[in-house]
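This report concerns a single protein model. Please consult the sequence and the structure shown here while reading.

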Amino acid sequence: MVLVLNGVLQEECPPDTRSLYHTHPVYRETAAQLLAIPNKIIGPVGLLYVQQREFAATVPHDKNVSILGSDDATTCIVVVVRHSGSGAVALAHFDGSGTDEAVCTMVQRVQDLAVGYQEGRIELQLVGGFSDTHHYSEDIFYNIMNCFHKLPVEVDLTLACVGELNTTVRGGIHWPMVYGVGVNVKTGEIFPATFPDKGPDQALRCARHLTGQTQVLEIYDSHLGLLRIGPFNYEPLRGVDLWLEQSDEFILQHLSTSPEVEPPHFVMQIRATLKYIQDNQFPAVTVFRDNRPHYFRRDEHSGTWQPIRY
């Protein structure tokens, strides 16, 4: 009994987005406010990009990160957890895998970063997902809400731009209106955004969920100011050579939850990931030697993440 909707403590979790909007129409208004903000294209300087099945947390005075962001969420949902008093904030990109553990860790991390601030509430914002034909987004929405509802702390839902409210129809096909969001870590402002630069080790990070690793990985240490990838392992992908021989259309149809509405770079990204898996079938051996993570520090001159030995 810890999910707070429109200021009221809930006994039960809303079963779907439609009943949320029907019972609490205020969420229609806040979603409309987000949709009215023009989409921003964000460059790499000051950005901490979070990929699918990842999350990151930081504080307003972090000199390395000014924006947390994620995009390419078609059926996925981007989740933001923020402590209103301290401004400590975490952002995750959820696809239905590993949600329970990740929700617990996200909230715990935000609480840890907010230590010393007496006042403040845990606020939750959900953006992404749409009215897809297989109802993947609805399943993910319920999965996320249920995980937050089970927590022993009160969580205030302040924004839910998901499902039907994030859907437009073009040519008889349902499309998401917002594919990604950024959060200004200084102010907590959230806005629709696209991120052409998705940070270092992109193919390695995508390989993790393409090979079925279910854990949502925490990728940032805000105390050290370091982006941290791994170490992790994955099983060799059977038939990877065969996958790479297939047409773009075949890859799109078989490796996407929403092939009609994927961004144009989707297949190129999948091909790069498949090639990476082909070249690194056992990352514990070829990628994370000595079981060491890949660390990256923000370069003071270029503003981009550069690999370091740590």
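## Basis of the model

The model is predicted, and local features need pLDDT of at least 70, side-chain atom pairs count only at pLDDT 80 or more, and totals for chains, interfaces and linings use all residues. Residues are numbered from 1 along each chain as its sequence is written, and side-chain values use heavy atoms, with hydrogens and water left out.

Helices (H or I, at least four residues) and strands (E, at least two) are DSSP runs, numbered from the N terminus.

## The sheet and its helices

Eight strands form an open sheet with mixed pairing, in the order β2-β1-β10-β9-β7-β8-β5-β15; two strands pair if DSSP finds at least two bridges between them. Because β2 (8–9) and β15 (217–218) each have a single partner strand, they stand at the edges, and one side of each lacks a neighbour in the sheet. Strands β5 (residues 54–58) and β8 (residues 89–94) run antiparallel and are joined by 4 bridges. Val 89 in β8 is the bridge partner of Thr 58.

Helix α2 (residues 26–35) packs on this sheet and touches β1 (3–5), β9 (122–128) and β10 (155–162), where contact means heavy atoms within 4.5 Å. The direction of α2 makes about 60 degrees with that of β10. Helix α3 (residues 99–113) lies across β5, β7 (77–83), β8, β9 and β15, and runs at about 170 degrees to β8. Axes are lines fitted to C-alpha atoms, for helices over the stretch in contact, and angles run from 0 to 180 degrees between N-to-C directions.

## Helices α7 and α8

The axes of α7 (residues 248–255) and α8 (residues 266–279) come within 10 Å and cross at roughly 85 degrees. The two helices are therefore roughly perpendicular (65 to 115 degrees). Asp 248, Ile 251, Leu 252 and Leu 255 of α7 meet Phe 266, Val 267, Ile 270, Arg 271 and Leu 274 of α8.

Most residues other than glycine have a negative phi, and most peptide bonds are trans. The bond from Gly 230 to Pro 231 is cis, with omega near 0 degrees; Pro 231 is in the loop between β17 (226–229) and α6 (240–245).

Asn 6, in the loop between β1 and β2, has a positive phi of about 55 degrees. Asp 201, in the loop between β14 (190–194) and α5 (202–210), has a positive phi near 55 degrees. Asn 6 counts as partly exposed at 46% relative accessibility, as does Asp 201 at 23%; partly exposed lies between buried (under 20% relative accessible area) and exposed (over 50%), with a 1.4 Å probe and protein chains only.

Note on methods. Angles under 35 degrees count as roughly parallel, over 145 as roughly antiparallel, 65 to 115 as roughly perpendicular and the rest as oblique.
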